[in-house]
Amino acid sequence: MLDMKINDRPRFPLTFKILLALLAFYPATRVLAENRPNIVIVYTDDHRWDAVGASRASSIQTPNIDRLAERGRYFPNSFVTLSICAPSRAALLTGHYGSANGVMDMESDLQMEDDTLGERLKEAGYETSVFGKWHLSSSPERLGFSYASYFYGLVPYWDVEFNRQGQTLTVPGFVDDATTRETALYLEKERNKEKPFFVFYNSFAPHMDNSFAWPARPESIALYPKSNLPLPRTWKTGLNGKPPYIRQNRPHQRALEYGYAEQEAVLDHIQGYYASVTDMDRAVGELVEVLERQGLLEETYILLMGDNGWFNAEHGLTSKVLAYEESIRVPLIVSGPGVKQGVSEELALNIDLMPTLLELAGLPQDPELPGRSLAPLLKGESVADWREYIYYEAPHEQHGTQPLVAVRTADWKYIGTYAEETLDTLVFEELYHLASDREEQRNLVGDPAWGEQLEEMRKLLQEARERYTKESGLPYSARKWSGKNL
Ligand SMILES: [Ca+2]
C-alpha cells in the first residue's frame with residue numbers, strides 16, 4: 001500500500017499537468033475555430049462586369065446582388081487571370097496562376113490538389129462544402145470539400161441531375177434555384193453547427209445551356225424588350241486593329257453561326273443573357289435569405305465574383321478567353337462583418353480571394369501567393385503599394401484563340417499574341433488607351449505618338465511574365481484544345 005502511494009505521488013502532478021495542458025489546448029482551439037467567420041463564395045458563371053445593376057453600365061436588373069453591394073464593398077475593376085471556366089476555378093481555389101497550378105485549359109489536371117482554399121480552411125476548423133457547377137478534373141473531396149452537391153460542366157437550365165454526397169438525384173426547377181435549395185438543405189440540416197462553414201456556391205447561369213441557348217423564365221425575358229436593348233457599338237467595326245486570325249476563327253465564326261450578321265440575333269442573345277442573369281440573381285437572393293433566416297447573415301462574409309466574362313457581339317465576337325474587357329473583367333462584391341460600405345476602384349483579381357480569406361479567417365498569410373489580400377480595402381483603407389497592373393495569361397489555344405498574354409493598368413492595356421504556346425514568337429501586338437477608348441476600338445501600335453507608351457507596356461509585360469510564370473517551373477507547354485465543351 002505504502003509503496004503504491006509513494007509510487008503514485010509523482011504521477012498525480014504529471015497527470016494533472018497533462019490534464020491542464022489538454023484543458024488549456026482544447027477550449028482554445030475550439031474557441032478559435034468557433035470564432036472564425038463563416039464564408040460563402042458565390043462564383044457566377046460567364047458573368048461579365050457590367051451585368052450587375054451596381055455597375056450602372058447597363059439596364060440589367062440584379063436587385064439581390066445590388067443589395068449585397070449596398071451593404072458591402074463593390075470592386076468595379078476586377079479581373080480573372082484566365083477567362084474560362086476550369087482555369088478560373090483552379091486559380092480561385094489555389095490562389096495561383098494557371099502556369100503555376102497547371103490548369104490553363106479545360107482538360108488539364110490541377111497540380112496543387114493538396115494546397116487549396118478548401119484544404120486550408122478545413123485544417124483551420126471549417127466545415128467545407130461546394131454546391132452547383134463543378135468544372136475541375138479533381139473531385140471536390142480531393143480539393144478539401146467535405147460536403148458536396150454538384151453537377152459537372154455543361155447542363156440544361158431546368159431539372160438538373162446533381163451528385164449529392166455520391167448519390168445521383170434530379171433537383172427540379174431552374175438550375176440555380178436547385179443549387180440554392182441544395183445549399184439551404186446543408187445550411188439548415190446537414191452541417192455541423194459547432195463549426196464555422198465555408199460554402200463554395202457556383203451558379204450555372206448566365207452560362208449558355210447545353211443547347212447553346214438561354215432558356216430563362218418568360219417573366220425575366222419580358223423585363224428586357226428588344227426595342228430597349230442597345231446594340232454594342234463595336235458590333236460591326238470591332239475587329240479593326242485586332243489580330244487577323246480572329247476573323248477566321250471561332251470567336252468570330254461562331255458568332256456568325258449564331259446569326260450575328262443580323263441585329264435580331266444579337267438582340268435575342270443579349271435578351272436571353274440578361275434574363276438569365278436576372279434568374280441567377282433571384283437564386284442568389286434566396287441564398288442570402290436562407291442565411292438571414294438562420295441568423296447567420298451578419299457573421300458571414302459573402303464574396304460574389306464572376307468566373308469570366310462573355311462577349312455579346314462586341315467586336316463581332318462571342319464567348320470568352322480573349323483579353324478584351326467584356327471577357328476578362330467581372331463583378332466582385334464583398335459583404336460581411338466589418339466591411340465598410342462603398343466602392344474600391346483598385347485593380348482586383350480572382351487570385352486575391354485566397355489571401356483575402358486567409359486574413360479574414362485569422363490565418364497566416366502565405367508569401368508564395370501572387371495575389372493580394374483585399375482585407376484592408378474592405379475596411380475602406382487605402383493601400384499605398386497596391387498593384388498598378390494586372391497580368392492575364394491565355395497561352396493555350398482554346399475556343400479558336402491563339403496563345404496570348406496581356407497587361408492592363410488603370411488606363412492602358414497591352415496584348416501580345418504569339419505563334420506558339422511556349423510564347424516565344426510574338427506575332428501581333430495591341431495597345432489600347434482605355435481612359436479614352438473604353439471599348440478598345442483604336443489599336444495604337446504603329447502610331448508614333450504612342451511609341452514610348454508601347455515600349456513601357458512591353459517592359460511591363462516582360463516583368464509580369466518573369467514575375468508570375470517563370471518561377472512556377474511549369475513551362476508553357478504544347479497542350480491542344482480538344483474541342484470539348486463550350
Ligand atoms: Ca465560365
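Strands count as paired here when DSSP finds at least two bridges between them. All views show a predicted model.

**Figure 1. Three strands of the predicted model form an open, mixed sheet.**
The strand order is E12-E3-E15. Strand E12 (329–330) and strand E15 (348–349) are the edge strands. Each of these edge strands pairs on one side only. Strand E3 (residues 78–79) runs antiparallel to E12, and two bridges join them. Within this pair, Ser78 stands opposite Val330 of E12.

**Figure 2. Four strands form an open antiparallel sheet.**
Strands pair through backbone hydrogen bonds, in either the parallel or the antiparallel sense. Here the order is E16-E17-E18-E19, and the pairing is antiparallel. Which strands stand at the edges? They are strand E16 (389–394) and E19. Each has a single partner strand, so one side of each is left without a neighbour in the sheet. From one strand to the next, the twist averages 10°.

**Figure 3. Strand E18 pairs with both E17 and E19.**
E18 covers residues 412–418. Is this strand mostly covered or mostly open? It is mostly covered: six of its seven residues are buried. Five bridges pair E18 with strand E17 (residues 404–409) in the antiparallel sense. A hairpin of two residues connects E17 to E18. Val407 has Tyr414 of E18 as its bridge partner. On E19, Tyr414 has Leu431 as its bridge partner.

**Figure 4**
H3 spans residues 63–71, and its buried residues include Asn64, Ile65, Leu68 and Ala69. An α-helix has 3.6 residues a turn, so residues three or four places apart point the same way. The cover over the buried residues of H3 includes strand E2 (73–74), H11, strand E9 (300–306) and strand E13 (332–335).

**Figure 5. H3 packs against H11 at an angle of about 50°.**
Two packed helices are described by the angle and the distance between their axes. The axes of H3 and H11 lie 7 Å apart. At the angle of about 50°, H3 is oblique to H11. From H3, the contact is made by Pro63, Asn64 and Ile65. Asn64 and Ile65 are also among the buried residues of this helix. From H11 come Asp281, Arg282, Val284, Gly285 and Val288. By class, the contact of H3 with H11 has four nonpolar, two polar and two charged residues.

**Figure 6. Helices H7 and H11 cross at roughly 10°.**
H7 covers residues 175–190, and H11 covers residues 263–293. Their axes come within 8 Å. Why is H7 described as roughly parallel to H11? Angles under 35 degrees count as roughly parallel. The crossing of roughly 10° therefore makes H7 roughly parallel to H11. H7 contributes Asp176, Asp177, Thr179, Thr180, Thr183, Ala184 and Leu187 to the contact. H11 contributes Asp279, Met280, Ala283, Glu286, Leu287 and Val290. The contact of H7 with H11 divides into six nonpolar, three polar and four charged residues.

**Figure 7. Gln294 lies in the loop between H11 and E9.**
Gln294 counts as partly exposed because it has 14 C-beta neighbours inside 10 Å. Which residues does Gln294 touch, leaving aside those up to four places away in sequence? Gln294 touches Leu187 and Glu188. Leu187 is also one of the H7 residues in the contact with H11. Gln294 and Leu187 are 107 residues apart along the chain. Their C-alpha atoms are separated by 8.2 Å.

**Figure 8. The whole protein comprises 15 helices and 19 strands.**
How much of the protein is buried? Of the 486 residues, 49% are buried. Among contacts with a separation of 6 or more, 66% join residues 24 or more positions apart.

Note on methods. Residues numbered from 1 in each chain as written. Predicted model: local features only at pLDDT ≥ 70, side-chain atom pairs only at ≥ 80, totals over all residues. Axes fitted to C-alpha atoms, helices over the stretch in contact; angles between N-to-C directions. Parallel < 35°, antiparallel > 145°, perpendicular 65-115°, else oblique. Contact = placed C-beta atoms within 7 Å. Nonpolar A, V, L, I, M, F, W, Y, C, P; charged D, E, K, R; others polar. Buried ≥ 20, exposed ≤ 12 C-beta atoms within 10 Å, placed from the backbone.
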